[in-house]
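Good morning, colleagues. Please keep the sequence and the structure in view while I speak.

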Amino acid sequence: MEIAHFVFGIFGNATALFLFLSPTITFRRIIKNKSTEDFSGVPYSMTMLNCLLSAWYGLPFVSPNNMLVWTINGTGALLEAIYVLIFLVYAPRKLKVRMFGLLALASSVFAAVALTSVLALQGNTRKLFCGFAAAIFSICMYASPLSIMRLVIKTKSVEFMPFFLSLFVFFCGTSWFIYGLLGRDPFIIVCYYSYLILGIYINTS
């Protein structure tokens with residue numbers, strides 16, 4: 001059971017890393033054209049917040065035996081922060097203001113969760129609090145690609161949501177969902193069940 005748990009965690013890390021790196025194509029285009037065009041910065045901000053909360057939840061003093069959770073989400077948070085920074089550089093002034101506001105909100109939420117969990121909570125209560133926070137904002141993150149789907153419908157082009165990207169969303173959700181089941185972690189199950197459903201929805205739309 002432990003071996004299977006670890007294997008699905010590794011597979012989840014691999015597919016998640018692919019997803020975290022997939023926007024590099026988009027940002028190469030943004031840098032080349034020096035414009036954010038019709039791209040939205042919301043998914044990157046929400047993903048960064050989700051990664052921060054999930055990485056925090058996976059830390060040993062919050063949720064033991066979840067090393068694979070905090071390593072990949074820590075990496076994801078760093079990559080998403082880079083994407084957000086690039087987006088801010090090339091976004092028009094009005095959009096920059098909104099993005100700064102969203103970034104400030106995301107930072108405040110993470111700081112509040114982290115400080116509360118360290119200063120006011122301990123043991124299982126800390127795990128429950130951080131788990132609920134991660135689960136709630138994971139659902140928000142998984143809803144953020146809906147803005148991309150709207151763009152796909154508007155442009156009648158799948159350029160903004162390639163098939164293989166959608167497929168890896170499904171693989172990633174499946175891997176982590178099984179990882180959560182094997183580890184009997186309800187928060188990981190809830191988080192990635194949403195991801196799994198989104199992957200199925202995108203690939204069957």
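Let me begin with a question: in which helix does T26 lie? T26 lies in helix α2, where helices are DSSP runs of H or I with at least four residues, strands are runs of E with at least two, and both are numbered from the N terminus.

A word on conventions. This is a predicted model, in which local features need pLDDT of at least 70 and side-chain atom pairs count only at pLDDT 80 or more, while totals for chains, interfaces and linings use all residues. Residues are numbered from 1 along each chain as its sequence is written, and side-chain values use heavy atoms, with hydrogens and water left out.

Now the overall architecture. The chain has 9 helices and 0 strands, so that by the DSSP rule the order of elements from the N terminus reads α-α-α-α-α-α-α-α-α. Of its 205 residues, 45% count as buried; buried stands for under 20% relative accessible area, exposed for over 50%, and partly exposed for what lies in between, with a 1.4 Å probe and protein chains only. The accessible surface comes to about 11000 Å², and 72% of that belongs to carbon and sulfur atoms. Accessible areas come from the Shrake-Rupley method with a 1.4 Å probe, and for residues only the protein chains shown count as cover. Among contacts (heavy atoms within 4.5 Å) between residues at least 6 apart in sequence, 73% join residues at least 24 apart.

I return to T26. With a relative accessible area of 18%, T26 is buried. Not counting residues up to four places away in sequence, T26 touches F39 and Y44.

A pair of aromatic rings is described by the distance of the centres and the angle of the planes. The rule takes rings of Phe, Tyr and Trp (its six-membered ring) with centres within 6.5 Å; planes under 30 degrees apart count as stacked, over 60 as edge-to-face and the rest as tilted. The structure holds 8 such pairs. In one of them, F27 and Y44 are edge-to-face, at 5.0 Å centre to centre and 70 degrees between the planes. This pair links distant parts of the chain, with F27 in helix α2 and Y44 in helix α3, 17 residues apart. F27 is buried at 2% relative accessibility, and Y44 is buried at 11%.

How are the rings of F27 and Y83 arranged? They are stacked, 5.0 Å centre to centre with 10 degrees between the planes. Here F27 in helix α2 is joined to Y83 in helix α4, 56 residues apart. Y83, at 4% relative accessibility, is buried as well. F27, Y44 and Y83 form one aromatic cluster.

F27 also belongs to the nonpolar core. By definition, such a core is a set of buried Ala, Val, Leu, Ile, Met, Phe, Trp, Tyr and Cys residues joined through side-chain atoms within 4.5 Å. The largest has 45 residues, and those with the most contacts inside it are F27, Y57, F87 and W176. Among the helices that each supply at least two residues of this core are α1 (2-21), α5 (93-119) and α8 (163-183). Which helix gives the most to this core? That is α4, with 10 residues. As for Y57, its contacts beyond four places in sequence include V62, K127, C130, D185 and F187.

Helix α4 also holds N73. N73 is buried, at 2% relative accessibility, and touches C51, S54, A55 and Y192, leaving aside residues up to four places away in sequence.

Let us turn to charged side chains. Side chains of opposite charge can pair when their charged atoms come close. With a salt bridge taken as a side-chain nitrogen of Lys or Arg within 4 Å of a carboxyl oxygen of Asp or Glu, the count comes to 1. R29 and E37 form a salt bridge, at 2.6 Å from N to O. R29 is partly exposed at 27% relative accessibility, and E37 is partly exposed at 33%.

Finally, the loop between α3 and α4 contains P60. Is P60 buried or exposed? At 55% relative accessibility, P60 counts as exposed. Its C-alpha atom is separated by 9.0 Å from that of W70, 10 residues apart along the chain.
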